[in-house]
Amino acid sequence: MSAYNFDKVIERRGTGCVKWDESEEGVIPLWVADMDFPVAPAIQEAIRKRANHPVFGYTFVQEDYYEAIISWFQRRHQWTIAREHILYTIGVVPAMSVAIKALTMPGEKVLILSPDYNCFFSSVKNNGCEVSECVLQFSNTENRFVVDWAEFEQKCADEKCTVFLLCNPHNPTGRVWTREELQRMADICRRHHVRIVSDEIHCELIMPGHQFCPMGSVDPTAVILNSPSKSFNIAGLQVANIICSDATTRRRIDRAININEVCDLNPFGPEALKAAYNESEQWIDELNQYLWNNYTILCDFIEKKIPQWKVMPLEGTYLVWVDCSSVCGDDVATYCEQIKQECKVWLNPGTMYGPTSGEGYLRINIACPQSTLLEALNRLTKI
């Protein structure tokens, strides 16, 4: 019996909500990566307590903030983080941009595993670098997406390639990389003097039977980007961290944070982070079980009612990658627009995550009450 009510439908229209207020009336939005669940009670209470103080001025991040991070990753993921290795900023995407700025020169290449989170492409290009794509392959034998290791090494061996930007767990394919895979990535990158930057924003959203491994516990030289924002549904509070053990690199990143003016947190972000990491572990465990139940409902429904779609295995995140190539041909963007117009369900076309590698796929956000998910699925049968 869950201690939390993830079935509760919360009206989000009219709150300035990107997910719902950018959708036309009557459309169910299963696109942008935020959840329709209330945040953990401890976080709500922490925000209320801070809001009771009538001044919301510049915020000084105190030691208990760092202690919460260190304690969480030690007990949850057996990863020891030193206090001086932590830099805070306003979000993982800004963190990604400052890391790229600190570690590259314009004209160099940044390697990604494609399809990949769309901001990977923009962050790389906005820093004057070139995206190098190693395309993930679906293995029928392993029943999951895998790295083409020969291509990965070839891309790393390119003298212009200086950074590997990893998504761990991987958005949009739902992979949770194993320690063995991460070690192989690290070994190849080390051979070719490629630095690793790992976006681990989804690291608490792990499905049954899988275990998250921080890249920082495999390669201590890696630059790690993390935040409680996705896992605890607090993206609007704008708080994230960069973990970097190398002092020289950390100084460069800190300088880039200040150059880009993403160095100050709001009064609520640190309080939410502490409440998440110190008091909300049961909430995240029950959330993951609810998400898994939603995934199994979606798989069963699509197998019976929309068999022309093939649902990819979900190991982590709440973002389900679906192969719809048999019906959308080579234009999934038009197909998703047709779904929105005819079924009133907003899904993301796979081409957002790789113009070539994402063709034939769409992405579904299942982080919503089961009643909302079932209504959306029933609508999709009209396509």
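Helices (H or I, at least four residues) and strands (E, at least two) are taken here as DSSP runs, numbered from the N terminus. The model is a predicted one, so local features need pLDDT of at least 70 and side-chain atom pairs count only at pLDDT 80 or more, while totals for chains, interfaces and linings use all residues. Residues are numbered from 1 along each chain as its sequence is written, and side-chain values use heavy atoms, with hydrogens and water left out.

Leaving aside residues up to four places away in sequence, Phe-73 touches Gln-78, Trp-79, Ile-81, Cys-203, Glu-204, Asn-226 and Tyr-277; contact here means heavy atoms within 4.5 Å. Ala-40 lies 33 residues from Phe-73 in sequence, and the C-alpha to C-alpha separation is 19 Å.

One of those contacts, Asn-226, leads on to strand E9 (residues 223–226). Val-223 and Leu-225 point one way from E9, Ile-224 and Asn-226 point the other way, and all are buried. Strands count as paired if DSSP finds at least two bridges between them. On that basis E9 pairs with strand E8 (residues 195–199) in the parallel sense over three bridges, with Val-197 having Val-223 as its bridge partner in E9. Strand E10 (residues 240–243) is also joined to E9 by three bridges, but these two run antiparallel. Ile-243 in E10 is the bridge partner of Ile-224.

Strand E12 (residues 319–323) and strand E15 (residues 361–365) run antiparallel and are joined by five bridges. Across this pair, Asp-323 stands opposite Tyr-361 and Val-322 opposite Leu-362. E14 and E15 are antiparallel too, with two bridges, and Asn-348 has Arg-363 as its bridge partner in E15. E15 itself is mostly covered, with five of its five residues buried. Tyr-361, Arg-363 and Asn-365 point one way from this strand, and Leu-362 and Ile-364 the other.

Pockets were found on a 1 Å grid over the protein atoms alone: a cavity is a set of points where a 1.4 Å probe fits but cannot get out, a pocket is an open set with protein on both sides within 12 Å along at least five of seven lines, and lining residues have an atom within 4 Å of a point. Grid points are joined across faces, edges and corners, and a volume is the space filled by probe spheres set on the points. The largest pocket has a volume of about 470 Å³. Its lining has 27 residues, with Val-93, Tyr-117, Ile-201, Lys-230 and Ala-235 nearest the centre. Helix H4 (92–103) and helix H5 (118–126) are the elements that give two or more residues to this lining, and H4 has the largest share, three residues. By class, the lining of the largest pocket holds 16 nonpolar, eight polar and three charged residues, where Ala, Val, Leu, Ile, Met, Phe, Trp, Tyr, Cys and Pro count as nonpolar, Asp, Glu, Lys and Arg as charged, and the others, Gly among them, as polar.

Conventions
Buried < 20%, exposed > 50% of the residue type's maximum accessible area, 1.4 Å probe, protein only.
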